[in-house]
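Reader: Hi! I have a structure open and would like to talk it through with you. Could you help me find my way around?

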Amino acid sequence: MEGCIFCKIVNGEIPSNKLYEDDKVYAFYDINPEAPTHFLVIPKDHIESANALNEKNVDIISHIFMVINKLVVDLGISDKGYRIVNNCGEDGGQTVNHLHFHVLGGRSLQWPPG
Ligand code: 5GP
Ligand code: ZN
């Protein structure tokens with residue numbers, strides 16, 4: 001989608017520190033990490049937010065979780081644990097309107113969020 005920074009990352013217009021890519025998803029390190037390991041996994045197709053999921057596009061979610069499953073093992077955080085976060089909409093703290101899952105690990109994380 002035009003003007004979307006994550007679409008630009010997917011198509012290489014904006015550089016990123018890529019961790020993984022296949023025909024459906026793209027994973028890259030967050031530019032402003034909140035934990036020793038902090039990466040994002042996004043669908044290549046532009047989906048605005050969790051609100052825009054539907055019967056047709058929801059299968060991407062299971063694929064994203066399988067990719068996360070592989071990456072946390074590769075990065076060595078699977079045993080100690082990690083957090084998967086999706087911020088949706090204004091109150092959810094979403095700042096980029098292209099569906100993305102944060103994966104945070106490498107330190108003990110607080111709960112609940114602010
Ligand atoms: P949100 O607040 O929408 O859940 O998360 C957006 C995330 O995208 C933030 O953690 C922010 O640091 C990250 N981000 C924003 N712009 C860029 C960028 O150009 N490159 C990368 N790698 N991360 C970005
Ligand atoms: Zn997009």
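Reader: Which element gives the largest share of the shell around ligand 1?
Author: That is α1, which supplies three residues of the shell around ligand 1. Helices here are DSSP runs of H or I with at least four residues, strands are runs of E with at least two, and both are numbered from the N terminus. α1 (5–10) and β2 (25–29) each give at least two residues to this shell.

Reader: Before we go on, what kind of model is this, and how is it numbered?
Author: It is a predicted model, in which local features need pLDDT of at least 70 and side-chain atom pairs count only at pLDDT 80 or more, while totals for chains, interfaces and linings use all residues. Residues are numbered from 1 along each chain as its sequence is written, chains are lettered from A and ligands numbered from 1 in the order in which they are written, and side-chain values use heavy atoms, with hydrogens and water left out.

Reader: Thanks! How many residues surround ligand 1, and which are the closest?
Author: There are 16 residues around ligand 1, and the closest are Asp30, Asn87, Thr95, His100 and His102. A residue is near a molecule if one of its heavy atoms lies within 4 Å of it.

Reader: And how many of the shell residues are nonpolar, polar or charged?
Author: The shell around ligand 1 has eight nonpolar residues, seven polar and one charged. Ala, Val, Leu, Ile, Met, Phe, Trp, Tyr, Cys and Pro count as nonpolar, Asp, Glu, Lys and Arg as charged, and the others, Gly among them, as polar.

Reader: Which side chains have polar atoms 2.8 Å from an oxygen of ligand 1?
Author: Asparagine 87 has a side-chain N or O atom 2.8 Å from an oxygen of ligand 1. The side chain of histidine 100 also has an N or O atom 2.8 Å from a ligand oxygen, and a polar side-chain atom of histidine 102 lies 2.8 Å from an oxygen of ligand 1. As for cover, the protein takes up 83% of the 520 Å² of accessible area that ligand 1 has on its own. Those areas come from the Shrake-Rupley method with a 1.4 Å probe.

Reader: Let's move to histidine 98. Where is it found?
Author: Histidine 98 is in the loop between α3 (89–92) and β5 (101–105).

Reader: Is histidine 98 buried or exposed, and why?
Author: Histidine 98 counts as buried because its relative accessible area is 0%. Buried means under 20% relative accessible area, exposed means over 50%, and partly exposed is in between (1.4 Å probe, protein chains only).

Reader: What does the side chain of histidine 98 reach at 2.8 Å?
Author: It reaches the backbone oxygen of proline 43. The histidine 98 side chain also makes a polar contact with the side chain of histidine 46 at 3.3 Å. A polar contact is a pair of N or O atoms within 3.5 Å; within protein, one must be able to donate a hydrogen and the other to accept it, and residues adjacent in sequence count only if both atoms are side-chain atoms.

Reader: What about lysine 44: where is it found?
Author: Lysine 44 is in the loop between β3 (37–43) and α2 (59–74). With a relative accessible area of 23%, lysine 44 is partly exposed. Asparagine 57 also lies in the loop between β3 and α2, and at 19% relative accessibility asparagine 57 counts as buried.

Reader: Which peptide bond is cis?
Author: The bond from tryptophan 111 to proline 112 is cis, with omega near 5°. Proline 112 is in the segment after β5.

Reader: One more: where does histidine 38 lie?
Author: Histidine 38 is in strand β3, and it is buried at a relative accessible area of 4%. Histidine 38 and glycine 105 are 67 residues apart in sequence and 6.6 Å apart in space, C-alpha to C-alpha.
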